[in-house]
Every structure is written in structure tokens, then in C-alpha cells.
Amino acid sequence: MQGAGSCALHLLFDGANMYKYIIKRLLMLIPVLLGVAFVIFAIMNVAEGDPVYQVAGPDATEEQLEALREEMGLNGSLIQRYFRYIGNLLKGDLGTSYISKMDVMKLYFQRLPNTLKLASLAMLVAVLISVPLGIIAAVNQNSWKDTLAMILALIGLSMPNFWLGLLLMLLFALKLGWFPSGGSEGFISVVLPAVTVGVGLAALLTRTTRSSMLDVLRQDYLRTARAKGVTERKVIYYHALRNALIPIITIFGVQFSNVLGGSVLAETVFAWPGVGRLVVDAIDQRDIPTVTGALIMTTMLVTVVNLIVDIVYAYVDPRIKAQYTK
Amino acid sequence: MKQEKLETRASRLYKKRSTMEMAWRQLRRNKGAIIGLVLLVIIIGAALIAPLLFDYSTDVIGMNVRQRMKWPSLEHICGTDELGRDIFTRIVYGARYSLAVGVVAVAIALVVGIALGAAAGYIGGLFENVVMRICDIFSSIPSVLMAIAVVSALGKSTLNLMLAVGIASTAPFVRVARAAVLVVRGEEYVEAARAIGQPDWKIILVHILPNCISQIIVQATLRVGSAIISAAQLSFLGLGVPAPAPEWGSMLASGRLYIRDYSYMTLFPGIAIMITVLSLNLLGDGLRDALDPKLKR
């Protein structure tokens with residue numbers, strides 16, 4: 001992070017280059033997304049058993065099965081089916097659920113707001129815990145505060161997240177009765193799942209915040225600030241933290257994928273009707289179009305969020321942009 | 001001639017030992033790492049001798065209706081489950097599953113990841129590009145979802161669980177190996193090896209990979225921990241080791257059904273996972289500090 005202090009927050013915004021960077025990144029996104037869709041599509045297609053039998057029932061004749069196969073888009077080779085799937089996907093069609101006979105895209109967008117609510121609240125919880133904890137640890141490096149924060153972070157990292165969810169449920173829902181143990185009755189229901197996912201993320205972010213702060217605290221410009229007579233508090237929270245936040249933002253983007261992954265478990269523990277539950281239920285019922293569609297859409301969401309984070313990052317730190325506009 | 005060969009081999013051995021010795025000396029000073037190492041040795045030991053202590057069909061999966069749902073006591077220090085099985089016995093036996101899944105999954109990821117990553121870094125060009133884009137693809141799929149998809153496609157079994165977790169954790173190893181190769185690819189001793197006509201695979205194996213062995217050891221130690229958590233997650237969702245095997249995640253899944261009245265059933269398997277992963281994390285962090293002084297603070 002050498003020199004980060006002098007230029008990172010300069011917000012040097014060179015319009016043309018920035019557009020070039022964004023377009024380049026968007027173009028790079030296309031093969032990745034096609035690849036993601038192919039991997040998921042291929043995995044879901046090796047699933048044993050011909051889903052036609054599942055839908056048609058035991059008495060169907062061979063002709064009926066054939067017709068159904070065509071209707072469900074199951075005829076042709078894997079590659080043919082993949083391109084048909086992508087074609088439909090571009091038209092916003094992810095197929096129909098085998099079980100509920102509903103449009104998968106519609107099913108997904110019904111559940112997505114719940115997952116996004118959970119994920120964003122979890123990230124908020126994570127920041128509220130980890131940034132102060134990481135700063136305290138870094139500022140008091142090698143003191144008992146530092147040790148305690150690092151032990152807490154290590155325990156958080158070592159705990160299976162869904163188990164933490166079960167413990168929280170036990171304490172705050174079943175013993176104390178402060179929160180519901182499951183379901184989706186308004187804001188109060190999302191608190192425990194969000195804390196569950198948030199604490200897991202906080203463990204990692206605390207470590208990142210600490211090391212990022214330690215890096216920045218060594219920089220010369222902080223000594224300059226102190227020499228000018230800026231108070232220690234202001235040095236840390238204004239001068240140091242703003243630069244230390246840059247790597248934290250990046251980790252945040254990378255972790256969005258893990259937050260969505262973690263919410264699959266939290267949604268199952270707390271019966272929160274999000275995308276994760278949709279996938280898990282669909283797998284139980286061998287509802288392949290729903291699983292495939294939900295996985296592809298979720299991965300696209302992750303990729304797009306990562307792109308946005310990268311763009312914000314490039315905006316904040318001109319060195320990143322320079323790599324792409326050479 | 002023979003004498004000379006022996007000597008070079010001896011000196012190579014000696015040198016290797018001394019780096020390892022230095023790392024060990026570093027590691028010994030790290031309290032956390034030693035705690036992790038001791039815990040890990042105990043857990044592995046318990047997993048190894050479990051079949052000698054308990055009989056699988058009677059003690060581990062045998063039902064005993066008269067003893068069901070007993071709270072922890074001197075007789076059953078972790079209580080008994082809904083079928084009257086002693087939870088402590090099942091946890092000790094379950095260490096076999098968690099450790100096996102964690103180690104095998106990481107071994108799969110390690111072998112595939114390093115082969116691909118090293119080849120990508122060494123060969124470069126189009127091949128490298130393709131491998132790294134595939135890596136991007138795999139890392140943009142959330143690993144839990146990836147593992148869920150693989151297990152649901154291949155079917156529920158212990159082997160498929162290992163495969164699923166392994167596939168989901170391959171990408172980081174590809175990156176580590178490629179980065180390590182890129183650093184030394186242009187070094188003179190690599191060029192020298194090429195000049196005397198050594199085959200590429202030998203150059204990678206003998207001259208390049210030893211340079212990143214410490215990073216790989218650290219990555220692997222930490223990854224075993226996260227693989228154990230992933231495996232427990234899948235088992236918790238009913239996609240892992242099939243019942244009645246005493247896998248910690250599936251023990252938590254059945255404990256969850258009785259969480260209101262028999263909370264101890266949810267408590268102990270979770271503690272087992274946490275301590276195991278904690279010991280791996282402590283050791284992994286310690287190894288990183290010992291093997292990679294640059295990262296040490």
C-alpha cells in the first residue's frame with residue numbers, strides 16, 4: 001500500500017479512461033457468465049434419473065414421454081440444450097419448475113428480496129462489529145485488547161456458521177423469547193439470521209481491518225499529520241481509516257459470494273424464505289430447472305456485485321484503473 | 001561417481017532439514033500454534049483409536065431405546081440422542097468422517113489445483129488464460145452452492161461429499177501455484193535446468209514447486225478446516241454422509257429437531273467441529289508466521 005495515502009482518495013476521475021475500463025470489464029464478464037452457466041447446467045444435467053419419468057408418472061407411454069421430453073426441452077445433446085437454455089435465458093426465461101409448475105424466473109425474484117434483505121443486514125452487522133474491533137486491535141497492537149480481538153476473530157472463523165445460528169436461536173428465541181425462532185414476520189424475523197451470517201463475516205473482516213490499519217499506521221503521512229498537531233483520534237479515524245478502508249471494501253465484494261452461500265444455511269436454520277431455501281427445497285424435490293436457474297442467477301448476481309466493487313475500487317484507486325487502460 | 005551423488009543428495013537433505021528445523025523453531029515459540037498442534041494430535045489420535053474403543057454396530061449406530069434422550073451425566077458425558085446412542089462415542093467416532101472428508105477433499109483440490117496452476121504459470125499464453133478464466137468461473141459460484149450442486153448431481157455419499165468439497169476448493173490452489181511459478185519462472189537456475197535438457201515436468205516438480213511448498217502447506221492446513229466446515233454444512237442440509245453414520249453435521253441436523261427440549265444434542269457436535277477447525281486454524285496461522293517471515297508482524 002505504498003503511496004496509497006497520497007493518491008488513493010484523490011478521486012482522480014478521468015472520464016474517458018473510466019468508461020474504457022468499465023466496458024473492458026463488462027466484456028470480460030460475458031465469457032465468465034457463459035462459463036458459469038455451462039458449469040452449473042452441465043453439473044445439474046448429470047443428475048441421475050430422467051426427469052421425464054418423474055413428471056409423467058409411471059403409466060405414460062413412450063410417445064407421451066417423447067412429447068414431454070420435447071416440451072421440457074430435454075431432447076438433443078447437452079450442448080444443444082445448453083445453447084437453447086442460454087437463448088431462453090437471454091429472453092428472461094429460465095424454464096418451469098417441475099414441482100410447482102411456476103416460472104423459475106418468477107420464483108427466483110419472489111425470493112430474492114428476502115435474501116438481499118438478509119445479506120445486506122448481515123454485512124451491516126459485520127461492519128459494525130469488525131471495523132471498530134479491527135481498529136482497536138491495530139491501534140493497541142500486541143496489547144491484551146489486540147489479543148482478545150484476534151482470539152474472538154479466530155473463534156468466529158472456526159465456528160460453523162449454522163451452528164452459531166442454532167445457538168443464537170436457542171438463547172434468544174427459545175430461552176429468552178426476544179426474537180422468533182423462524183419464519184418471516186416482519187423485520188424482527190431477519191435479526192437472528194442476519195446476526196448469524198454477519199458474525200461469521202465479521203471474524204474475517206476484523207482480521208482484514210486490523211492488518212490494513214497496521215499497514216496504514218506505518219505510513220509517513222500519518223507522522224506528518226501528527227507533526228502538524230492533528231489529534232491522535234483524528235489521525236486514526238480520519239487520516240488512517242479512510243485509506244485502510246480500501247482493502248476492506250475489496251474483501252467486502254469478494255465476501256458477498258460467501259454471504260450468499262452462508263445465507264443458504266441461515267435460511268434453512270431460521271426457515272427464512274430466501275433463495276437459499278428455494279435451492280435446498282428444490283434439490284430435495286429433484287426440481288432441476290429451479291436449482292439450475294437459481295444457481296445461475298445467484299452466481300450472476302455475485303459476479304455483477306464484484307464488478308461494481310471493482311469499479312468503485314478503480315474509481316477510488318487510480319492504480320487499478322491504470323492496469324486496464326494501458 | 002557414486003560417492004559424489006550420495007554427497008549431493010546428503011547435502012540436499014541436510015539443507016532441507018535445516019529450513020524445516022528453522023520453521024519448527026519458530027513454530028515452537030508460537031503458543032497458539034502449539035496449542036493447535038496438541039489439540040490436533042489428540043483429535044487425530046482419538047479418530048485413529050476409535051474403532052478399538054467402540055464397536056461400530058453396537059456402540060456407534062446401535063439403538064438403545066431405554067437410554068434415549070438422557071441429559072449429560074457421568075455415565076454419558078455428552079448425553080444420549082433420540083435413539084439412545086451415546087453422543088460422546090458418536091462424536092469421537094465422527095472425527096474419522098470429518099477428518100477424512102477434510103483431508104481427502106483438500107488432497108483432491110491440492111493435486112488438481114497445483115497441477116493446473118503450475119502448468120498454467122509455466123506454459124503461459126492461451127493455456128494460462130483458459131485455466132485462469134475457468135478459475136474465475138469456479139470462484140464466482142458461491143462454494144456452498146457449488147458443493148450442493150455437485151452432491152445433488154452425483155448423489156449422496158461420503159465419496160461424493162469429498163469430491164464436491166474438493167472441487168469447490170480447487171481454485172485457490174490453482175492461484176497459489178501459478179503465482180509461485182510466475183515468481184521463479186525467469187530465474188537463472190530454471191533456465192539452467194532447461195539448458196541441460198531437463199523435461200518440463202521435472203523442472204516444475206524439482207526446481208519450481210519446492211519454492212512454494214511453504215505457501216502450499218499453509219493453504220492446505222487452513223483449507224482442511226474450511227473443508228470440514230463445508231462438509232458439516234452439507235451433512236446438516238442432508239446432503240453429506242448418509243445416516244446413521246456419526247457425522248458431526250448430520251448429528252447437528254438431528255439435534256436441531258429437539259433443540260427446544262434437548263439442547264445438549266445441538267451443543268456438543270458443534271463444539272467438536274469448532275475445536276477441530278480452531279486447532280487447524282491455530283496451526284495454519286502459526287505455520288504461516290514460521291514459514292513466511294515476510295507476513296509476520
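A:R207, B:D285 and B:R288 are linked in a network of salt bridges. In this predicted model, one partner of the network belongs to chain A and two belong to chain B. The points below begin with that network, continue with the contact between the chains, and end with individual residues.

**The salt-bridge network**

- A:R207 forms a salt bridge with B:D285, and the closest N and O atoms of this pair are 2.3 Å apart.
- B:D285 also takes part in a salt bridge with B:R288, where the closest N and O atoms are 3.0 Å apart.
- B:R288 and B:D285 are separated by about one helical turn, because they are three residues apart in helix α13 of chain B.
- B:D285 counts as buried because its relative accessibility is 13%, under the 20% limit for that class.
- B:R288 has a relative accessible area of 28%, and is therefore partly exposed.

**Where chain B meets chain A**

- The contact involves 40 residues of chain B and 46 residues of chain A.
- Between them, the two chains bury about 3800 Å², and 75% of this area is on carbon and sulfur atoms.
- The count of salt bridges between chain B and chain A is one.
- Six residue pairs are in polar contact between the two chains, counting pairs with both residues at pLDDT 80 or more.
- On the side of chain B that touches chain A, at least two residues each come from α5 (125–140), α6 (143–154), α11 (213–236), α12 (248–257) and α13 (264–291).
- Helix α13(B) provides the largest share of that side, with 12 residues.
- By residue class, the side of chain B that touches chain A consists of 25 nonpolar, nine polar and six charged residues.

**Further salt bridges in chain B**

- Over all chains, the structure holds nine salt bridges.
- B:R133 is joined to B:D136 by a salt bridge whose closest N and O atoms are 2.9 Å apart.
- Both B:R133 and B:D136 lie in helix α5 of chain B, three residues apart, which is about one turn of the helix.
- B:D136 forms a salt bridge with B:R175 as well, with the closest N and O atoms 3.0 Å apart.
- This second pair links distant parts of the chain: B:D136 is in helix α5 and B:R175 is in helix α8 (residues 171–184) of chain B, 39 residues apart.
- B:R133 counts as partly exposed because its relative accessibility is 33%.
- B:D136 is partly exposed, with a relative accessible area of 25%.
- B:R175 is likewise partly exposed, with a relative accessible area of 33%.

**The make-up of chain A**

- Chain A contains 14 helices and zero strands.
- Of its 326 residues, 47% count as buried.
- Among contacts in chain A between residues at least 6 apart in sequence, 73% join residues at least 24 apart.

**A buried arginine in chain A**

- A:R111 belongs to helix α6 (residues 104–139) of chain A.
- A:R111 is buried but has no salt bridge, and the nearest side chain of opposite charge, that of A:D281, is 4.9 Å away.
- The side chain of A:R111 instead reaches the backbone oxygen of A:G274 at 2.9 Å.
- Apart from neighbours within four places in sequence, A:R111 is in contact with A:P273, A:G274, A:V275, A:R277 and A:L278.

**Other individual residues**

- B:T89 is located in helix α4 (residues 87–123) of chain B, and counts as buried because its relative accessibility is 7%.
- With neighbours within four places in sequence set aside, B:T89 is in contact with B:F54, B:D59 and B:V60.
- B:P210 occupies the loop between α10 (200–208) and α11 of chain B, and counts as partly exposed at 43% relative accessibility.
- B:P210 touches B:I204 and B:L205, not counting residues up to four places away in sequence.
- The C-alpha atoms of B:P210 and B:A180 are separated by 9.6 Å, and these residues are 30 apart along the chain.
- A:K24 lies in helix α2 (residues 15–45) of chain A, and is partly exposed, with a relative accessible area of 41%.
- From C-alpha to C-alpha, A:K24 and A:T292 are 28 Å apart in space, while in sequence they are 268 residues apart.

Notes. Residues numbered from 1 in each chain as written. Chains lettered and ligands numbered in written order. Predicted model: local features only at pLDDT ≥ 70, side-chain atom pairs only at ≥ 80, totals over all residues. Heavy atoms only, no water. Helix = DSSP H or I, 4+ residues; strand = E, 2+ residues; numbered from the N terminus. Buried < 20%, exposed > 50% of the residue type's maximum accessible area, 1.4 Å probe, protein only. Lys, Arg positive; Asp, Glu negative; His and termini not counted. Salt bridge = Lys/Arg side-chain N within 4 Å of Asp/Glu carboxyl O. Polar contact = N/O pair within 3.5 Å; in protein donor to acceptor, adjacent residues only side chain to side chain. Contact = heavy atoms within 4.5 Å. Buried area = accessible area lost by both parts, 1.4 Å probe. Nonpolar A, V, L, I, M, F, W, Y, C, P; charged D, E, K, R; others polar.
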